[in-house]
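Could you walk me through this model in the viewer, stop by stop? I would like to know what to select next and what is there.

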Amino acid sequence: MKTSLYSVRMRASIGGQHLTGAERIVAEGAVAETTTALTKRAMNSAVGSPDDICCSVDKIDSATILYAKLPDVKTFLVDNFQQGQLAALSLLSRAGIQKNVAAKAIDLLAAGPGPDGTVMRGAVLIDAATGQRLEKNPNRGVRVSRMDLSSDFRSKLEATLKTAGLNHYRVLEALVLAGKVLSCPGVVAELCWSDAPDYTTGYVADLQYGYQRISNLKMAGDPCGGRIFFVDLTTASLQSLIDYLELKPVLFNAVGTISAPQKWITNDE
Ligand code: AMP
């Protein structure tokens, strides 16, 4: 008999603000240990003890799963966050986002994209053509869910990332999230940096160049961060984008090319 798969989602908040979250797809026998591990992660957050933790578990219809390959991985080393943000601007512009739209998006993450400069639970959606924000609830945003590595691929990817010096759980989880976002029809690019004050690496992702890490995108100690998905509403409707990002189960079973870190060379065009 085939094992059933379950989506396991955790989100935790403190003082009414998003604290941490995680998404997994696991076999039925691993549901209990996964909810325990994710609950422990929330309890051990460096920011503080959560006021509430919510774990949801839903069975997945295996016929609806998309199996896909992860994006290529590049790492750009920058001297400081100012250079990192210029690198992000340049990579977003190469992905087809107009410079003024990309610059506005970078300023938005730096200021905190939620109401009154807070951290959002999910991502901002921006119309790539106009720069207009599209998400209905600016506190919640759009939370990408139902994505993971296929179980027999996890250890292989972990070993590959370790060899490349990238064995941080944040890299693996961000790569999976970026992979699902890029697989969504209508998504042009993604910009992300963490709200964790001590984690300053972020990335720009696009279909052609993949998941492009930038070593420094914010000042150490800064609690702001978030995600922005740039979308093309001429190729997909807003509702179909949101449905895909939130509901479509995607399992990754192959790795892309992982390049050695390279120093960012400023491109002044
Ligand atoms: P993290 O990299 O986990 O520190 O997340 C940084 C920010 O990205 C969070 O504050 C959220 O705004 C956003 N984010 C995290 N996980 C998701 C997700 N699954 N879907 C959409 N946005 C997310």
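Is Tyr-211 buried or exposed? Select Tyr-211 and you will find that this residue is buried, with a relative accessible area of 3%. Before moving on, keep in mind that this is a predicted model.

**Stop 1: the aromatic pairs**

Stay with the rings for a moment, as the structure holds two aromatic pairs. Phe-76 belongs to strand S5 and Trp-264 to the segment after S13, so the pair ties together parts of the chain that are 188 residues apart in sequence. Phe-76 has 7% relative accessibility and counts as buried, and Trp-264, at 10%, is buried too.

Now return to Tyr-211 and show Tyr-203 with it. The centres of these two rings are 4.7 Å apart with the planes at 55°, so the pair is tilted. Tyr-203 counts as buried, at 2% relative accessibility.

**Stop 2: the ligand**

Next, select the ligand and the residues around it. The shell consists of 16 residues, and the closest are Met-120, Gly-122, Val-144, Ser-194 and Asp-195. By class, there are six nonpolar, four polar and six charged residues in the shell. If you colour by secondary structure, look for strand S2 (17–27), helix H5 (169–182) and strand S11 (226–231), each of which supplies at least two residues of the shell.

One runs from a polar side-chain atom of Asp-195 to an oxygen atom of the ligand, at 2.5 Å. For the third, go to the backbone of Ala-123, where a polar atom is 3.4 Å from a nitrogen atom of the ligand. Switch to a surface view as well: on its own the ligand has 480 Å² of accessible area, and the protein covers 88% of that.

**Stop 3: the salt bridges**

The count of salt bridges comes to 11. Begin with Arg-143 and Glu-23, whose closest N and O atoms are 2.6 Å apart. This pair links distant parts of the chain, 120 residues apart: Arg-143 sits in the loop between strand S6 (124–127) and strand S7 (147–149), while Glu-23 is in strand S2. Both Arg-143 and Glu-23 are buried.

Then select Asp-79 and Lys-263, which meet in a salt bridge at 3.1 Å, N to O. Asp-79 is in the loop between strand S5 (73–77) and helix H2 (81–94) and Lys-263 is in strand S13 (residues 262–263), so the bridge ties together parts that are 184 residues apart in sequence. Asp-79 counts as exposed at 56% relative accessibility, whereas Lys-263 is partly exposed at 49%.

Move on to Glu-190 and Arg-227, another salt bridge, with the closest N and O atoms 3.0 Å apart. Glu-190 lies in strand S8 (residues 187–193) and Arg-227 in strand S11, so parts that are 37 residues apart in sequence are tied together. Glu-190 is buried, with a relative accessible area of 0%, while Arg-227 counts as partly exposed at 21%.

Conventions. Residues are numbered from 1 along each chain as its sequence is written. This is a predicted model: local features need pLDDT of at least 70, side-chain atom pairs count only at pLDDT 80 or more; totals for chains, interfaces and linings use all residues. Side-chain values use heavy atoms; hydrogens and water are left out. A residue is near a molecule or strand if one of its heavy atoms lies within 4 Å of it. A polar contact is a pair of N or O atoms within 3.5 Å; within protein, one must be able to donate a hydrogen and the other to accept it, and residues adjacent in sequence count only if both atoms are side-chain atoms. Accessible areas come from the Shrake-Rupley method with a 1.4 Å probe; for residues, only the protein chains shown count as cover. Helices (H or I, at least four residues) and strands (E, at least two) are DSSP runs, numbered from the N terminus. Ala, Val, Leu, Ile, Met, Phe, Trp, Tyr, Cys and Pro count as nonpolar, Asp, Glu, Lys and Arg as charged, and the others, Gly among them, as polar. A salt bridge is a side-chain nitrogen of Lys or Arg within 4 Å of a carboxyl oxygen of Asp or Glu. Buried means under 20% relative accessible area, exposed over 50%, partly exposed in between (1.4 Å probe, protein chains only). Rings of Phe, Tyr and Trp (its six-membered ring) pair if their centres lie within 6.5 Å; planes under 30 degrees apart count as stacked, over 60 as edge-to-face and the rest as tilted.
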